[in-house]
Every structure is written in C-alpha cells, then in structure tokens.
Amino acid sequence: MLTVFITGGAGYIGSHVVKELLHQGHQPIVFDNLQTGHRKAVKNVPVIEGDLSDQKILKETFQYYPIKAVMHFAADSLVGESVQNPEKYFNNNVKNSMNLIEIMEEMNVKKIVFSSSAAVYGEPKEIPISEKHPCVPTNPYGETKWIFEKVLQAFHDAQKLNFISLRYFNAAGADPEGDLGEDHSPETHLIPLLIKAALDGTSVPVYGTDYHTPDGTCIRDYIHVTDLSHAHILALTQLEKENASGIYNLGNGNGYSVREVIETVKKVTGKKVTAIDSPRRPGDPARLVASSTKIKEELGWVPNYPHLETIVETAWKWHKKHPNGYGHQKEK
Ligand code: UFG
C-alpha cells in the first residue's frame, strides 16, 4: 500500500486514476484547486482544496501525510487557450509544477508519474508516432508539457527522483461502472460534444474537411480513460524498481476520423447528431496515432477497451445518467 499524492485528482483523468488506486489498495491524497475538477468525482479519499502555487499548503500536506509517490495531473490543457494566454500555461504547468518538485525533494519523495501529452510531438513526421519521434510542439500547451518532462529528466539525472511520463493521445470514455465521467466547462472535446448533441439536439462543427486523410477530416487515436488509469498503476509499480524512469506513449494505435467518430456516436446512441462542416481549427495536425509498443513491452500494459464503439458506449452511459455532468444526477 502506497500513500500517493494526486494533483488534479478531482479532474477527468485524475478521478478515474484515484478510483483505480483505491481498487488496488493504495491510499490516494487528492490535491485540487477545484477550478476544473469536481469534488463529487472523488469519494472516500482525503481531498485538499489547494493550488500548486501555494507552497505553504503543499508543505503542510506533505508533512501531514506519509506520501511515498506523486501523480501529477493538475494542469491547464486547452490548446487554443494556451496560444491566446501563454502566461497562464507557463505559470501553471511549469512554474507551479516546480513547487511540487521542490517539496518532493525537501520531503525526500522520489517517485512521480507525470501526465504528458501527444502535443509534445507537434506535427508528426511519421505515423504511428513512437517515443523516438522528435518533439517540436506547435503550441504553448505542448511546450509546457515538454519542458516539464525535461525538468524531470534533469532531476532524474541528478539522482533526485525517478519519473514516468505518460504521453496521452485522445483520452475518452467513462468509468464502465458509471460512477465517473467527463465534465469540462466549457467542453471542447469531440466525443462529449457529439453526445451532448445527441441528447439535446445542438450541432457540432467538423473542424476541417480538406485534410489529406481518406474522408478529409482529422484522424485521432482515442484511448479509454480506464485503460489510461491502468497504465498509471503499472507506472507506479515500475517506479518501485531502482532507477526506473521512462517516457511512454498511450494510445491504441488505431486512428479514427472525425466523421467515423460521428457515425459511431449515432450508432451507439441511436439518435440524430447534427454535424456542420466548418473551417479548420488552428493547430490541429491531420493525424495523431500512437505506437504504444514500448509500454506494452516494458510495463505489460494491455488495453481492455480498445474499440471506439466501447469507448463511446461508456461515455454515453454516463452522460445519459448525468446530463448536467456532476451538477446534478438523474434518478434511476
Ligand atoms: N473536433 C471537431 N469539432 C469539435 C471538436 C473537435 O471537429 O467541436 C475535432 C478536432 O479538430 C480534432 C478531433 O475532433 O481533429 C479531436 O478533437 P478534441 O478537441 O477532442 O481533441 P484534440 O485532438 O484536439 O486534443 C487532444 C487532447 C489535448 C492535447 C491534444 C494533442 O485533448 O489535451 O490532443 O494534440 F493537447
């Protein structure tokens, strides 16, 4: 049993990982400023409402709990916003994250799993993308994730910590047991927007129909949030080993176009979904598909929900029951 400090533990991915940690017998301590996270998404664990800019509360938390490892989810993660407001991204994702590393050093905590992103690669030169692909981020969000990976590598080289950085492709879906789901405000992600459209008749823009892809729309690699969660548990186990640092992609290796996702949502929900062909969204690469061979071979990761249809089904189940997200719940 490990006491694990989880920044951003009340967020979409963090809350799913907290559930998995509890299931595996670990003790998560959630630290979240609740700006985008939801208190209702974390049950039966201590939740400290705090911000990583606040060194005092960080220190008090590390002094109070016997923390042995950290999982760092807390970050701003909207690509478009990062272009408009880079200061926010460098402050939150780099500067505030340094406070975390400093307190870990002070308190002799040497294990960290970091939420990185496919955004570190920028425009791919080859598909599927392996971890050896050059990192040329095309927006401040990706830049901040890449910078912090380099910080972790430098601290590892100085023998101050071991880290595993997980580069997520498109996280999607919801807890198959129906307890947790995706609730962003504003929502910008394709699958929850399409499900909302199926529920309330709103329309969804298709950002770009003239890409060099078979149907002209962007291709992405969607990975189920519970499969992501399992990868975090494997990463934690790996960090128990001496000197075990590494960087791993997390995707399914299958690319789906925006139009294919729309068709899947229609099929799963049995509803009409209105999609409107629209101009490209700045900064979207045509294709992002992961090679996750490394994490499969080195950590034994096996996805349980690799099919887009299953991913959408779990999301649909949650949104149907929670049309207002964590705001309020429909009675069964
Ligand atoms: N899309 C639409 N209409 C919408 C929303 C999205 O057509 O209303 C398209 C996008 O253009 C993209 C695909 O659907 O081609 C998926 O878009 P998402 O916004 O769901 O996800 P992204 O691929 O933009 O973003 C994901 C992560 C980010 C990460 C990025 C890396 O959510 O955190 O990959 O490029 F930075």
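## Exercises: a ligand shell and some buried strands

The shell around the ligand in this predicted model is made up of 13 nonpolar, five polar and three charged residues.

**Exercise 1. Work out which residues come nearest to the ligand, and which elements supply the shell.**

Step 1. Look at the residues around the ligand. There are 21 of them, and the nearest are Leu190, Pro205, Arg220, Arg281 and Asp284.

Step 2. Now place the shell on the fold. Helix H6 (190-200) and strand S8 (203-207) each give at least two residues to it.

Step 3. Pick out the top contributor. That's S8, whose four residues make up the largest share of the shell.

**Exercise 2. Find the polar atoms that sit by oxygen atoms of the ligand, then say how much of the ligand's area the protein covers.**

Step 1. At Leu190, a backbone N or O atom is 2.8 Å from a ligand oxygen. At Tyr207, a polar backbone atom lies 2.9 Å from an oxygen atom of the ligand.

Step 2. Turn to the side chains. An N or O atom in the side chain of Arg281 is 2.6 Å from a ligand oxygen.

Step 3. Check the cover. On its own the ligand has 690 Å² of accessible area, and the protein covers 91% of that.

**Exercise 3. Trace how strand S2 is paired, and decide whether S2 is largely enclosed or open.**

Step 1. Take the S1 side. Strand S1 (residues 3-7) runs parallel to S2, with five bridges between them. Along this pairing, Thr7 sits opposite Phe31 of S2.

Step 2. S1, helix H1 (residues 12-23) and S2 form a β-α-β unit, and a right-handed one.

Step 3. Take the S3 side. Three bridges link S2 to strand S3 (residues 47-49), again in parallel. Here Asp32 has Glu49 as its bridge partner in S3.

Step 4. Count buried residues, using the cut-off of under 20% relative accessible area. Five of the six residues in S2 (residues 27-32) are buried, so S2 is largely enclosed by the rest of the structure.

**Exercise 4. Say how strand S11 is paired with S6, and which residues lie on each of its faces.**

Step 1. Start with the pairing. S6 and S11 run parallel and share five bridges.

Step 2. Sort the S11 residues by face. Gly246, Tyr248 and Leu250 are on one side, with Ile247 and Asn249 on the other.

Step 3. Ask about cover. Both faces are covered, and five of the five residues of S11 (residues 246-250) are buried.

Note on methods:
Residues are numbered from 1 along each chain as its sequence is written. This is a predicted model: local features need pLDDT of at least 70, side-chain atom pairs count only at pLDDT 80 or more; totals for chains, interfaces and linings use all residues. Side-chain values use heavy atoms; hydrogens and water are left out. Buried means under 20% relative accessible area, exposed over 50%, partly exposed in between (1.4 Å probe, protein chains only). Two strands pair if DSSP finds at least two bridges between them. A crossover is right-handed if, with the strands pointing away from the viewer, the path from the first strand over the helix to the second runs clockwise. A residue is near a molecule or strand if one of its heavy atoms lies within 4 Å of it. A polar contact is a pair of N or O atoms within 3.5 Å; within protein, one must be able to donate a hydrogen and the other to accept it, and residues adjacent in sequence count only if both atoms are side-chain atoms. Accessible areas come from the Shrake-Rupley method with a 1.4 Å probe; for residues, only the protein chains shown count as cover. Ala, Val, Leu, Ile, Met, Phe, Trp, Tyr, Cys and Pro count as nonpolar, Asp, Glu, Lys and Arg as charged, and the others, Gly among them, as polar.
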